[in-house]
Amino acid sequence: DELGILDGHITSTSYFAGKDPAFALLGGTVGAWSDTTQLLQFMNFGGGNELMEELYAPYGVQFIAASTTGLEAFVSKVPLEGVDDLKGLKLRAPEGMVQKVFAAAGASPVNLPGSEVFTGLSKGVIDAADYTVFSTNHAQGMHDVAGHPVYPGFHSLPLIDISMSQKKWDRLPEDLQQILIVASRDFSYNITNELKMADAVAVAEARANPDITIHDWSAEERMKFRAIAKTEWEKAAQASPSAQKAYDVLISYMETAGLL
């Protein structure tokens, strides 16, 4: 925005963790959500959007609306039935909070670019990977070398935000501002539901393959993982006043929604 190169963007909020740790906490609250609607309800009705507007304001950026993609599914060469199975697991995971949460759960996180996940699995460099949604994993042949996916996903769901230059936003008439807000929400509805449908098709294909066994963690195991993740959220909250505020709003919503 400062250079005027872009008027706006659709981006992953966690990319700006270097500006403020609050962006990391909101952008990828590992273990928080079991469905895309939970994150979007938090953003649209639980105080998340207002937090993003406040966080972006010092940078001359106007937050317009929240979106997301789909819950990421594990790919694994070994059966994973719950938290205990993560202990000692050589797991490809992105740096930052994702690695911290998995390490706290007993896994051995490995730095590996996405382009090397398939090779890493096939050669035994890693046992499993936090990569992307089930349908993308399936399309890329991950399940051919790692036949024990965990689905539905629950560990990773990125916040995607639509935002633009505050100056450009202020120059727009109010009707166009409202049209952008509604269009962005429509975009969010489309992308999340299209990915859910793509996942459903891929899951049906995988279930028909005798070499693939899908593992669905119980509610108890998911809650165990969330409890471990919560300790990392608490640590992240201490990194800045904004992160503490984000944590407080997040926890308040999750308690109200019965997610803790």
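Is Phe-118 buried, partly exposed or exposed? I looked this up in a predicted model. Phe-118 comes out as partly exposed, because its relative accessible area is 33%, and the partly exposed class runs between under 20% for buried and over 50% for exposed.

**Entry 1: around Phe-118**

I placed Phe-118 in the secondary structure. The residue sits in helix α5, residues 117-122. Phe-118 touches Gln-140, Gly-141, Met-142 and Val-145. I also checked Phe-118 against Phe-42. The two are 76 residues apart along the chain, and their C-alpha atoms are separated by 34 Å.

**Entry 2: the sheet**

I traced the strand order next. Three strands form an open sheet in the order β1-β7-β2, and the pairing is antiparallel. The edge places go to β1 (8-12) and β2 (61-68). Each has a single partner strand, so one side of each lacks a neighbour in the sheet. On average, neighbouring strands are turned by 25° against each other, direction ignored.

I followed the pairing of β2 with β7 (residues 159-165). Seven bridges join these antiparallel strands. Which residue of β7 is the bridge partner of Phe-63? I found Ser-163.

**Entry 3: helices on the sheet**

I looked for helices packed on these strands. Helix α2 (residues 36-45) packs on the sheet and touches β2 and β7. The direction of α2 makes about 155° with that of β2. Helix α9 (residues 174-207) lies across β1, β2 and β7. I read its angle to β2 as about 25°.

**Entry 4: α4 against α10**

I turned to a helix pair. How do α4 (residues 97-104) and α10 (residues 219-237) cross? Their axes come within 9 Å, and the crossing angle is roughly 130°.

I listed both sides of the contact:

- From α4, the contact uses Met-97, Lys-100, Val-101, Phe-102 and Ala-104.
- From α10, the contact uses Phe-225, Ile-228, Ala-229, Glu-232, Trp-233 and Ala-236.

I sorted these residues by type. Nine are nonpolar, none is polar and two are charged. Lys-100 and Glu-232 are the charged ones, because Lys and Glu both count as charged.

Note on methods. Residues numbered from 1 in each chain as written. Predicted model: local features only at pLDDT ≥ 70, side-chain atom pairs only at ≥ 80, totals over all residues. Heavy atoms only, no water. Pairing = 2+ DSSP bridges. Helix = DSSP H or I, 4+ residues; strand = E, 2+ residues; numbered from the N terminus. Axes fitted to C-alpha atoms, helices over the stretch in contact; angles between N-to-C directions. Contact = heavy atoms within 4.5 Å. Buried < 20%, exposed > 50% of the residue type's maximum accessible area, 1.4 Å probe, protein only. Lists of a residue's contacts leave out its neighbours within four places in sequence.
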